[in-house]
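Student: I have the model loaded and would like to go through it with you. Could we begin with how the chains meet?
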Amino acid sequence: MTPRTVAELGASLRRGETSPAELAAASRGALESLAPLHPVLRYTDELTERQAARAARILAEAPETAGALCGIPFAYKDVLCVEGVETTAGSRILQGYVPPYTGTAVGRLLDAGAVPVAVTNCDEFAMGSSNENSAFGPVGNPWDPSRVPGGSSGGSAAVVAAGAVPFSLGTDTGGSIRQPASFCGVAGFKPTYGRVSRYGLIAFASSLDQIGPFARSVDDVARVFTAMAGHDPRDSTSSPTEVEPVDEQLERGVAGLRLGVPHEYMTEGLEPGVRTAVESALALLEKLGATLEEVSLPSTPAALSTYYIIAPAECSANLARMDGVRFGFHVDRPSLTDSYLETRGQGFGPEVKRRVMLGTYALSSGYYDAYYRKAQKVRTLIAEEFDRAFEKVDALVCPTSPIVAFPKGERSDPLSMYLCDVLTLPVNLAGLPGISVPCGLSEGLPVGLQVIGPRFQDARVLRVAHAYQGATAWHEAPPPPAPGAGSPTS
Amino acid sequence: MTLERDQVAHVAMLARLGLSDQDLERYREQLDAILAHVDRLQQVDTSRVGETAQIGGLVNAWREDERRECLPVEAALANAPRRRRDHFEVGAIQE
């Protein structure tokens, strides 16, 4: 059966056909049947029960105040702190860490009555493009368990693709929402930098990180985004700019919009099946009344290098707090330095160590100007090129990923893994909103169409993606039943 | 440019990462390959632009200099691997 959307579940709740506790239990059952894919790290049982009761109370006592998410089950990535629920960022070094507070994004969903059910698997500290860097084991793609779901929010993408929850939360620093959304055939949205508070998000690269939703429909993505977006004084990089109401724009369609196709995104290394699917999507958008125009973002080839200086530099600073003194894994040694060395040496996985060292190197005396300062300047160029493109067009449309989901173990060379994000990470460098929506299959695997907008035009990005979904059915296609994985939601 | 093993050991020490000799060599090779790729940054002309650290256009985010509630001591210490009374406890900082 087709998994149900937030809107359908909400209607069912309001008609009294089901209860928040029942929906949560059904989601939990469906998630358990996905165990062979390993998308879930732990269940939030106690919180689930409490929230389901809270939602039930709102629905019974003040149904007119209940928002779209009230009573709706969801899962969130293991980098979002929730009071009383173990949060490990997919890392051994945070094993056993129980945050004493709840971050803003999840907190706002709780206030809206949404019901968390599970914490999803991810690459360690959100560093990776395949979910193979999780200290707790990789995740299988619901479309083909021998393939990766993408990363780093692989678990969050997989549970939505499999229909076990109507929506989930991920984080995106260089593509970690959009790329797994593309690989798993769901919608995944990275809002404008600063649009959703990062308070309570275990930081990877603070100038790039954003929290965002996965869902099947852009409609649902918009609902979750709306519940989370807006200024938060507890995150000093959270934008005080007013959030443009998405509702007003969502249904406006693409007729009359100018859509840019970045020339550089359509040339290098696109798999033929990806190209075909994306080109059909572009043709359809044109048929729906949009004007397509080729644009150029000439600094694109330098974006990967820029990102792989800035992100590691920031992560090397952010991860300095993982010291085994205040929380998490700890190796006891008589001297503090030895304790640090052993705690971090044993607690971090290889990719995290690589990036911490790369960042430490780029920030170290004698290399700072050549690497970090230089990368920050190239970042300016990249952002300016996007800004110039948006003087001519309303949004950009292109592939999310040059490739479809690849087999586990195929990209053991770090650089070949980094290349997966070549079409998503420029968007983070420029702080723009971007979404991936399914736009076809290549050799039986999902392909994602990426829509990118100007800063704070999140609503416009959702509008374009929604118009595309209104004319296509790719987002309704469930993955083929996986052998041994059981049937989700029945 | 080639990354030397000593440089990798120095960086690992700066980052407080305890690595085996075998690890050091593996990371040296990998980081060397990544840096070789990243070096293409040097070809980009950035003479006309400044640096970007904050992409959202924010300059400073101030708040009133007032006392606010903070985490209670017990909550702050709840995850401590080692504590003594109301403090985190660490090993010797000098040998």
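Tutor: The area buried between chain B and chain A is about 5,100 Å², and carbon and sulfur atoms give 67% of that. Buried area here is the accessible area (1.4 Å probe) that two parts lose on being put together, summed over both.

Student: Which residues of chain B lose the most area to chain A?
Tutor: They are Leu41(B), Ile55(B) and Asn79(B), together 14% of what that side buries.

Student: And how many residues are in contact across the two chains?
Tutor: 50 residues of chain B are in contact with 65 residues of chain A, where contact means heavy atoms within 4.5 Å.

Student: What should I know about the conventions?
Tutor: This is a predicted model, in which local features need pLDDT of at least 70 and side-chain atom pairs count only at pLDDT 80 or more, while totals for chains, interfaces and linings use all residues. Residues are numbered from 1 along each chain as its sequence is written, chains are lettered from A and ligands numbered from 1 in the order in which they are written, and side-chain values use heavy atoms, with hydrogens and water left out.

Student: On to the sheet. What is the strand order?
Tutor: In chain A, an open sheet of eleven strands runs β1-β3-β2-β4-β6-β5-β10-β11-β9-β7-β8 with mixed pairing. From one strand to the next, the twist averages 30 degrees. Strands (E, at least two residues) and helices (H or I, at least four) are DSSP runs numbered from the N terminus, and two strands pair if DSSP finds at least two bridges between them.

Student: What are the pairings of β6(A) with β4(A) and β5(A)?
Tutor: β4(A) pairs with β6(A) in the antiparallel sense over six bridges, and Gly212(A) is the bridge partner of Gly170(A). The pairing of β5(A) with β6(A) is also antiparallel, over two bridges; there Gly188(A) stands opposite Phe214(A).

Student: Which helix lies across β6(A)?
Tutor: Helix α7 (residues 218-228) of chain A does, at about 145 degrees to β6(A), and α7 also lies across β4 (167-172), β5 (187-190) and β10 (434-442) of chain A. Axes are lines fitted to C-alpha atoms, for helices over the stretch in contact, and angles run from 0 to 180 degrees between N-to-C directions.

Student: Where is Cys439(A), and what does it touch?
Tutor: Cys439(A) is in strand β10 of chain A and is buried, with a relative accessible area of 3%. Not counting residues up to four places away in sequence, Cys439(A) touches several residues, including Val278(A), Leu449(A), Tyr468(A) and Trp474(A).

Student: Last topic: which residues have the most contacts inside the largest nonpolar core?
Tutor: That core has 173 residues, and those with the most contacts inside it are Phe125(A), Phe167(A), Ile435(A) and Leu462(A). A second, separate core of seven residues includes Phe183(A), Ala405(A), Phe406(A) and Met417(A). A nonpolar core is a set of buried Ala, Val, Leu, Ile, Met, Phe, Trp, Tyr and Cys residues joined through side-chain atoms within 4.5 Å.

Technical notes: Buried means under 20% relative accessible area, exposed over 50%, partly exposed in between (1.4 Å probe, protein chains only).
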